[in-house]
Every structure is written in C-alpha cells, then in structure tokens.
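Let's take a walk through this fold together. Have the chain in view and follow along.

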Amino acid sequence: MGASGENNTEMHAILTEFGLPYKFSDGVENAAGQIPVTIGPAELSGRRDFRGTCTFTIDPADAKDFDDACSLKKLDNGHWEAGVHIADVSYYVRPGSVIDKEAVDRGTSVYLVDRTVPMLPEILSNRLCSLRPGEAKLTFSAVFELDDNANVVDRWFGRTIIQSDHRFAYEEVQQLIENNGDITNYKTSIASDKNKDDETGLLADAPSQTVINAVLQLHKLATLLRKKRFEKGSISFERPEMKVLVDEKGKPIDIVEKISREANWLIEEFMLLANKEVAAYVTTGLKIKAPTFVYRIHDQPDMDKVTELRTFIKHFGYTMDPSDTPQQLAKALNKLLDSLKGKPECATIEILALRSMARAEYSTDNIGHYGLGFEYYTHFTSPIRRYPDMMVHRLLANYLAGGKSADKKYYEDMCRHASEREQLATEAERASVKYKMTEFMEDKIGQIYDGTISGVTDWGLYVQIEPTKVEGMVALRDIKEDYFEFDEKNYCVIGKSTHQKFTLGDKVKIKVEKTNLEQKIIDFSLVWDDSYNKAEFASNADVRRDNSYSGDNKFRNNRKQKK
C-alpha cells in the first residue's frame, strides 16, 4: 500500500483493518458517469416545485456535498410552511444497479480524520445530488405546517424540485442568530466562496433579507422544538467532541473542540422532525396494516448498569431521582447531567451514563428511540452517506404511490447488514483519530501538561491533557516516589508510604515520555508534587469509580496485555 509511516499508507491500513474500501472500481465510476445530468420534463413529472420558495443549506465550511436544505414560507393563515428537502438519491440510484450494489456493500460513508470515503461516487455525492446554490436539484421532501408554537398542524411528503438561494456555513448562521440578522460585520467562513472579498473577508453578495428572515424564523421554531423534545424525555448528552486539524499532507497541526451551537441545533431539530414524522406517517398514516419499514431504534437502558450508575455517583455526593418508568428515568438522567455541567467529574459520570445506554441500530421492528424520546423514528435525511436512508426513500415512495407492503425479511437482513457496516465505520473513524492524536504528540516528548485522570486501573492512570483531550497512560510501576496499589472497592490507587490517593477526575501534571504510532498509544509520567508526600487518607478529589466505565476499555485492556 506504500511506505510505512506515510499518511496514505497508514489511513489505507486502517481501512483494510476494518474491511473497508478506499476506492471505487472502474465499473462503478463508469456507471456513475453515464447518469444524465440534465433535468427535463420527464424528471419534473409528478414533482412539487419549490424553486420559488426561499431555500438554503447549512453545512460545515469545508463540506463538499450538501444533501439537505431547508425552506420557509409564511402561509395565508399565519402559519409557517417549513420544508426539509433531501437530495433524491434514490431517483438516480436504482435497485440492483452496479452503483446500488456497491452502496449496499459499503453501507455508509466513512469519515477518517483526513478524508471521506464516500458511499457513492463523487459525481453523485458532490455534483448531481449536492444541493448547490443557484442550481435546480431533484429532492425528496418533508414539508410541515407549523404554528408559532412549533406545533405540527399538517405534513406532506413527496418528490420535489428546489433551487437553493444561499449556501451557509454554520459559523455564518451563528453570526446571524447572535446579531439578530444584522450583517454589518458579517464575514464568510467559506474559503472558496466566489463572492468573498479577498481583502476584507466580507461577502460582496451577502444573504438577502428574505433568506436572513427565514433563518431567524426557523431558529425560533427550532428552539421551541428542542425545548419540547427535552421536556418529553430526550436525553441531553453533551460530551466534548474533538477534531484533529491536518495540513495538505495529512500531518496533524492542531486539535480543537467542535462546538455545537444554535446554528447546529437549527438543522438538527428539523432533521429530527423529518425523521420522526416520516416514521410516524408510515407506521400510523397508511391504510396498509403493519407496513414493512426501516426504523432507527434505540432500546431502553440496561437497568443493572443504571443501578451501578446510581451507586457510583454517590461517591461524588450526587443522587438520581427515583424512576418507575423509562420516561422518569430519562428525566432523572437529564437532571443529573444538567447538575454536572462545569464540574471536573462531568466527563467521568457522562461516560458511565452513556455506557448504560443500548446501541442504536436499524430494524424493521419498531421499539422507538429511547435516547431521543420518540415513539417512531427513522433515518430519512442523509441518503448520500447512509444506505438505510435510501431504503427509507424507496419504501416511502412506494407507499405514497399506493404500493403494497415490502418484503420484511429482505429489509430486516438489510438492516442487520447496515448496522454492522455502521459499527465498522465508527471503529475505523476512532482508530484514525487515535492515530492522528498520537502523531500530534510525537514532537512534544518532554513537555509538561495539565491533565485530568480519566481512568484508573491496577496497572496505570489514564490522563487526558488540556485542552486537546489527548489521552495517555502513566504506568504505576513508573512512579518511583511510592508504590501504588489499586483499591477496586473505592475506585482509586493509594500510595503505600505517602497514602496519596488518585481517583477519576483528579487534576495532575504529566510529562510526555513516549509515543507508539503502530499501537496508537502515548506514555506519560506523573510530575510529582511535594504535597503528595504530605497526603493523609484522603483523595485530592472525592473517591470516584473504577476504570471499567471510563474511556476505551478495549484499548486499555489491550495495552495491559502488551505491557
């Protein structure tokens, strides 16, 4: 695949490790190249035309494909017509075709640190099905009539044609929200935007007032939708997500936190609304009894793990409200998570709470989505990058046309396969992040950082350094100042001579000692503080819990074996 240590070689190695492809065959590329790009009368037949409705996209600044758009129109009765328009991938990718078979095999796009391995060839994902501004595009839409309180008064689903009026980056929409639409100092975040003034960074062609008004109104509606969602039992996990920034050669140059703000929530809430309402319509709105459908399901938490969570948080002085129903448990979890914000133990307890949750997956048997608090839920909004969404589009189109219920066994097998491919992709993405974080620390040997203990085991302390959240391990055997023993009952390690305790969430200083790119691990040493010599039988934080609930235990256990 290439020379060891070379970026492409290492990224391809990760894909190979998880059985994932990194290029399309000539046959697939040729088939994609033969798809007609023009939109004629045949393509418009039976489609609702939204080209005269204010429409825009919001994506990351560096995005190359724009597969969803939002529209807004004020109705004569004072209500709002809000549209969620999704690229009509299933129109171009027909069942059983060469492209479709490849998409089935892949199941999903894969997002490594420095590249995207798409589910569909670029001509589809970045051109035909990318909702670029000023271009007519075929879409599949979920359109809602909402009142001023964001109540769904009516809904419509069907094939459409749109023409986006503006492409936004999230940062640009955030400016509009924070400045209430004032564009006096508006700056673009899209480096390649043809309308950007190179000297000032200002947009020569800023969004129109109509588009700005639509953004602000959709923000108001999204805020109401979000509030209702959490009131009805959606669980609010807000763990920090780190992004490794790389240069043109794939070398990591920084690690930053991805901040989710109101602009992100605007899109999130309307995508969630579309997914929820499509699932509800197919399940309850058709004349067909129990139609076959693809659901995104999330089972209720493992109650044994919830009991462990309740026990563990007492070490921090927290309790959870009693809960006799899943809904009460969700409220108790949200109350706990809200009380943790800004506290050093927040990340530790959030990890344990997350581990009590089931893994979301695809199925034809609906059990609802516990984490979101939805009785019906599916994935309708990203057919460019997820094959289940393509199946949902095909099933919905069939049912809207009066078709019969589809083969349940076939779709259940497809759901199982899609869930497996999703998990492989997730593992590959995590491996690429670990690799790049390790690479990022290679030139920092000998440097000292503030950190937080993120895991405690009988062989070492895992520490996340600030502000990058890069994690490494301090081996207990390498702490020369004392001999430390693991106290499994009290979730800590204790120095035999000094009686110094280290527990999860404790603040420490570490020195970077060694990196191992092949194993994707980083070795730290503890910077010993004089105060440790004066310790009594008390921790420098409340006694917390053992490592079995923090971080990546599979990774940590592997380290133990290799040691």
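The crossing of α10 and α12 is left-handed, meaning that the near helix is turned anticlockwise from the far one by less than a right angle (clockwise would be right-handed). You'll find helix α10 at residues 303-313 and helix α12 at residues 346-355, with axes that come within 9 Å and cross at roughly 165 degrees. Those axes are lines fitted to C-alpha atoms, for helices over the stretch in contact, and the angles run from 0 to 180 degrees between N-to-C directions. With that angle, α10 is roughly antiparallel to α12, a label for angles over 145 degrees. Who touches whom here? On the α10 side, K305, E308, L309, F312 and I313 meet T348, I349, L352, A353 and R355 of α12, where contact means heavy atoms within 4.5 Å. Sorted by class, that contact has six nonpolar, one polar and three charged residues. Nonpolar here covers Ala, Val, Leu, Ile, Met, Phe, Trp, Tyr, Cys and Pro, charged covers Asp, Glu, Lys and Arg, and the others, Gly among them, count as polar.

A quick word on what you're looking at: this is a predicted model, in which local features need pLDDT of at least 70 and side-chain atom pairs count only at pLDDT 80 or more, while totals for chains, interfaces and linings use all residues. Residues are numbered from 1 along each chain as its sequence is written, and side-chain values use heavy atoms, with hydrogens and water left out.

Now hop to another helix pair. The axes of α1 (residues 7-17) and α14 (residues 408-440) come within 9 Å and cross at roughly 145 degrees, and this crossing is right-handed. N7, E10, M11 and I14 are the α1 residues that meet A428, A431, S432, Y435 and K436 in α14. By class, this contact has five nonpolar, two polar and two charged residues.

Next, some strands. β17, β18 and β19 form an open three-stranded sheet in the order β17-β18-β19, with antiparallel pairing; two strands pair if DSSP finds at least two bridges between them. At the edges sit β17 (484-487) and β19 (501-503), each pairing on one side only. From one strand to the next, the twist averages 25 degrees. Strand β18 (residues 492-495) is joined to β19 by three bridges, and I494 has K501 in β19 as its bridge partner.

Finally, zoom out. The chain has 15 helices and 21 strands, which are DSSP runs numbered from the N terminus (helices: H or I, at least four residues; strands: E, at least two). Its C-alpha trace spans about 85 × 60 × 55 Å along the principal axes.

Technical notes. Angles under 35 degrees count as roughly parallel, over 145 as roughly antiparallel, 65 to 115 as roughly perpendicular and the rest as oblique.
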